[in-house]
Every structure is written in structure tokens, then in C-alpha cells.
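Subject: Handover of a two-chain model

Dear colleague,

I am passing this structure on to you, and below it you will find what was found in it. Please read the notes with the structure open beside them.

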Amino acid sequence: MFELRLALAADKKYLNYIDTSTLEFLKIIADDEAKRFHFALHEVIINSIQACERLGPFEDTTIYIELKLDDDQLIGQVRDPFGGGGDKEDYLEKSVKVNALSIENNRGILFIDHLVDDFKWMTYADGLFEVVIKKHVNRGGVRR
Amino acid sequence: MKDVMPVISKVENNIQTLQLNGRMTYDFIDQYEKHIKKGIVNADGYIIDLRAIEQIDSTGLGLLVTLAKYFMNNKGKMVIVNTDALIHELFVVSKLDQIFKISDSIVESIKIIEDKDEVFWTGI
């Protein structure tokens with residue numbers, strides 16, 4: 001199993017570093033699959049940073065990012081103390097129905113759902129919010 | 001984005017080309033928007049060239065929507081130049097392909113803008 005773990009302040013100034021690190025990790029799979037998963041993971045991370053910016057003193061807030069390649073499955077997990085709320089299907093339905101020229105139409109959620117095989121979120125009893133995305137990876141595409 | 005000029009503008013035959021560079025992502029999106037808005041001139045048509053973009057996300061695509069609304073409200077024509085398959089796929093997923101005119105070159109974009117029969121902003 002390959003694994004990358006990052007724990008960083010929920011500050012967008014670290015986004016470039018996060019993108020560089022996760023993209024480097026994803027070099028173990030084929031370019032096209034890496035690009036698609038990276039886009040989805042980036043969207044999950046910016047949602048998390050945005051939630052922290054909206055709801056808390058984000059400079060003091062840590063977000064946790066885990067990226068794993070386990071057999072044929074790529075798994076991305078992002079945790080923060082502020083995200084969450086709402087039903088995924090409701091968000092997706094709204095984003096599909098709304099006019100494409102709407103500025104705020106949950107495009108990020110639509111893109112994540114399109115780019116990965118499994119996408120879910122949950123809030124734990126301690127208030128921690130977690131998003132998990134999974135994608136099957138063609139082992140033929142894995143760089144060994 | 002310290003070393004990259006995010007927007008390079010060129011105006012020719014009353015068509016402004018805005019070549020976007022670097023990261024069009026959440027961490028730079030405010031800076032990006034300021035650069036673009038500052039650089040827009042009065043023209044008949046606008047070409048938004050995405051080919052030099054290093055990375056784009058939903059906030060970058062949202063900025064394209066903001067630009068589209070601005071040009072539409074000012075009766076301007078807008079064509080996006082894109083050759084990236086994933087970005088095109090995301091245009092389709094979000095139905096932006098029904099609103100944006102998309103081409104794969106500047107030459108083709110100019111043809112679209114100068115075509116008197118081409119109707120803009122029809123998918124709204």
C-alpha cells in the first residue's frame with residue numbers, strides 16, 4: 001500500500017503545496033487517471049478550506065488529508081472540524097437543475113461526483129467532518 | 001504565481017485575446033479576477049485562451065462564468081480556446097458547453113467571432 005498523509009492549517013496559501021504533494025504521489029498511476037483524481041481531491045480540499053474560512057478561525061484549524069493506493073483502489077480522505085451538513089443527493093440535484101450561468105451552483109460537488117467511483121461525506125460524534133472519495137485504478141496503468 | 005503574469009492581453013481588429021496562465025485556482029482566484037477585470041477593453045469580441053493554464057478548478061470555471069455574464073450583458077461575443085480533454089468534459093458535465101463557444105485555436109475563434117451568422121448566448 002502507498003500512503004500520503006498531510007496535516008496543515010486550513011489556509012489557502014498552502015493549496016499549491018498540497019497540490020504539488022498529492023500530484024507527486026499520484027505519479028504512481030497513469031497520467032489521465034492521476035489528473036482526474038487530482039482534480040476531484042483538490043475540489044474536496046478547497047471545500048474543506050472554504051468551510052473552515054466561513055465557520056472558524058481558520059488559521060488555527062487543521063485539515064487532514066490522506067491519500068492511499070490500496071490494491072486497485074485509490075482513496076482520498078479529507079477531514080476538518082467545520083464542514084458538513086446537507087444531503088449529497090440534494091446538492092447534486094440542485095446543481096444539475098440550476099442554470100449553468102449561476103455563479104454558485106455547487107459545480108465542485110458535481111465534478112467530484114463525476115470524476116470518482118464513490119463519493120460520500122459524514123460527520124462524526126466529535127464534530128469532525130470527513131469526505132471520502134474512491135476510484136478504481138487500472139493496475140495496468142500503475143507505474144511500478 | 002509570483003513569476004507568471006496571469007493574464008496576457010492582446011487587441012487586434014477589435015478583438016481582445018486574454019491568454020490566461022498559471023494557477024486559476026482558489027488560492028489565486030481573487031488576484032486573477034482583478035487582473036482580468038483591469039485588463040478588459042471595449043471590443044466586439046473576446047477570446048479567452050486557456051491553453052497555458054497550469055491548473056484550474058471549480059472557482060476558475062466560476063470566474064469564466066462571471067466573465068461570460070459580463071460580456072453577455074455588454075453585448076460582447078466570447079469564445080474560449082481549450083484543448084484540454086478534462087476541462088472540456090467538465091464544461092459538458094456542468095452544461096457550460098451549451099453556453100460557451102469553444103474552439104481549439106485563436107484562428108478558429110476569430111472566425112467564430114467574425115461570422116455574422118453566428119449567434120451568441122443562445123443556451124441561456
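Chain A contains four helices and five strands, where helices (H or I, at least four residues) and strands (E, at least two) are DSSP runs numbered from the N terminus. This is a predicted model, in which local features need pLDDT of at least 70 and side-chain atom pairs count only at pLDDT 80 or more, while totals for chains, interfaces and linings use all residues. Residues are numbered from 1 along each chain as its sequence is written, and chains are lettered from A and ligands numbered from 1 in the order in which they are written.

Along the sequence, the elements of chain A come in the order β-α-α-β-β-α-α-β-β. Of the 144 residues in chain A, 39% are buried; a residue is called buried if 20 or more other C-beta atoms lie within 10 Å of its own, exposed if 12 or fewer, and partly exposed in between, with C-beta atoms placed from the backbone. Among the contacts in chain A with a separation of 6 or more, 63% are between residues 24 or more positions apart, a contact being two residues whose C-beta atoms, placed from the backbone, lie within 7 Å.

Helix 4 of chain A is mostly covered, with eight of its nine residues buried, and these include Arg107(A), Phe111(A) and Leu115(A).

**Where the chains meet**

The contact between the chains draws 23 residues from chain B and 19 residues from chain A. On the side of chain B that touches chain A, helix 2 (58-73) and helix 3 (85-93) of chain B each supply at least two residues, and helix 2 of chain B gives the most, with eight residues. That side of chain B is made up of 10 nonpolar, eight polar and five charged residues, where Ala, Val, Leu, Ile, Met, Phe, Trp, Tyr, Cys and Pro count as nonpolar, Asp, Glu, Lys and Arg as charged, and the others, Gly among them, as polar.

Helix 4 (residues 107-115) of chain A packs against helix 2 of chain B at an angle of about 130 degrees, with their axes 9 Å apart; the axes are lines fitted to C-alpha atoms, for helices over the stretch in contact, and angles run from 0 to 180 degrees between N-to-C directions. The two helices are therefore oblique to each other, given that angles under 35 degrees count as roughly parallel, over 145 as roughly antiparallel, 65 to 115 as roughly perpendicular and the rest as oblique. In this packing, Arg107(A), Gly108(A) and Phe111(A) from helix 4 of chain A meet Ser58(B), Leu61(B) and Gly62(B) from helix 2 of chain B.

Strand 1 of chain B runs antiparallel to strand 2 of chain B and is joined to it by six bridges, two strands being paired if DSSP finds at least two bridges between them. Lys10(B) stands opposite Thr17(B) in strand 2 of chain B.

Asn13(B) lies in the loop between strand 1 (7-12) and strand 2 (15-24) of chain B, and has a positive phi of about 50 degrees although it is not a glycine. Most residues other than glycine have a negative phi. Asn13(B) counts as exposed because it has 10 C-beta neighbours inside 10 Å.

Lys95(B), in the loop between helix 3 and strand 5 (101-103) of chain B, likewise is not a glycine and has a positive phi, of about 65 degrees. With 17 other C-beta atoms within 10 Å, Lys95(B) is partly exposed.

With kind regards
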